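I opened a new page for this chain.

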Amino acid sequence: MTIVVTRNSPPRFRGFLASCMCEIAPGVYSSPRMNDAVRRRIWAVLEDWYEPAPEHAVLMTWRDTSLPGGQAIRVLGAPRQDLWDHDGVFLARRPLPDEPAPPQDDQERE
């Protein structure tokens, strides 16, 4: 199974990916039986078209049994989560929400 997720991508990305994969949700494309050669060609087109822009990102993932976690990931742009390889298994990290700052003054609080 190959999955591509796009975020704020130009319309030609959507048209291209929809021509070779099934769009199962807005910006999410899947293909159950994509071989390695086709996957590499699709990724080459996405890399060629990619221009860095705020919030524009593309992520492709597929099964790869040669990797310890069994999953390969390629990313163009900055994903919303920090993808971290921990002993061959990809984990998604997000910063913890900031805690409210304590009051700066010494006044009593009600």
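**Strands, helices and confidence**

I began with a residue pair: Ala25 stands opposite Val28 in β3. Strand β2 (residues 22–25) and β3 pair in the antiparallel sense over three bridges. For the terms, I take strands as DSSP runs of E with at least two residues and helices as runs of H or I with at least four, numbered from the N terminus. Two strands count as paired if DSSP finds at least two bridges between them. I then looked at the hairpin of β2 and β3, which has two residues between the strands; Gly27 takes a positive phi near 80° there.

I noted how the model is to be read. It is a predicted model, in which local features need pLDDT of at least 70 and side-chain atom pairs count only at pLDDT 80 or more, while totals for chains, interfaces and linings use all residues. Residues are numbered from 1 along each chain as its sequence is written, and side-chain values use heavy atoms, with hydrogens and water left out.

Next I traced the sheet. Five strands form an open sheet in the order β2-β3-β1-β4-β5, with antiparallel pairing. Because β2 and β5 (71–76) stand at the edges with a single partner strand each, one side of each has no neighbour in the sheet. From one strand to the next, the twist averages 20°. β1 and β4 run antiparallel and are joined by six bridges. Arg7 stands opposite Ala57 in β4.

I turned to the helices on the sheet. α1 packs on the sheet and touches β1, β2, β3 and β4 (contact means heavy atoms within 4.5 Å). The direction of α1 makes about 20° with that of β3; axes are lines fitted to C-alpha atoms, for helices over the stretch in contact, and angles run from 0 to 180 degrees between N-to-C directions. α2 also packs on the sheet, touching β1, β4 and β5, and its direction makes about 170° with that of β4.

Which residues of helix α1 are buried? In α1 (residues 11–20) they are Phe13, Phe16 and Leu17. Buried means under 20% relative accessible area, exposed over 50%, and partly exposed in between (1.4 Å probe, protein chains only). These three lie on the same side of α1 because they cover an arc of only 95° around the axis, taken from the directions from the helix axis to the C-beta atoms. On the other side of α1, Pro11 and Ser19 are exposed.

Last, I checked pLDDT, the predictor's confidence in each residue from 0 to 100. The chain averages 82, and 71% of the residues score at least 70. Over residues 104–110 the pLDDT is below 50. Where pLDDT is low, the predicted coordinates should not be read in detail.
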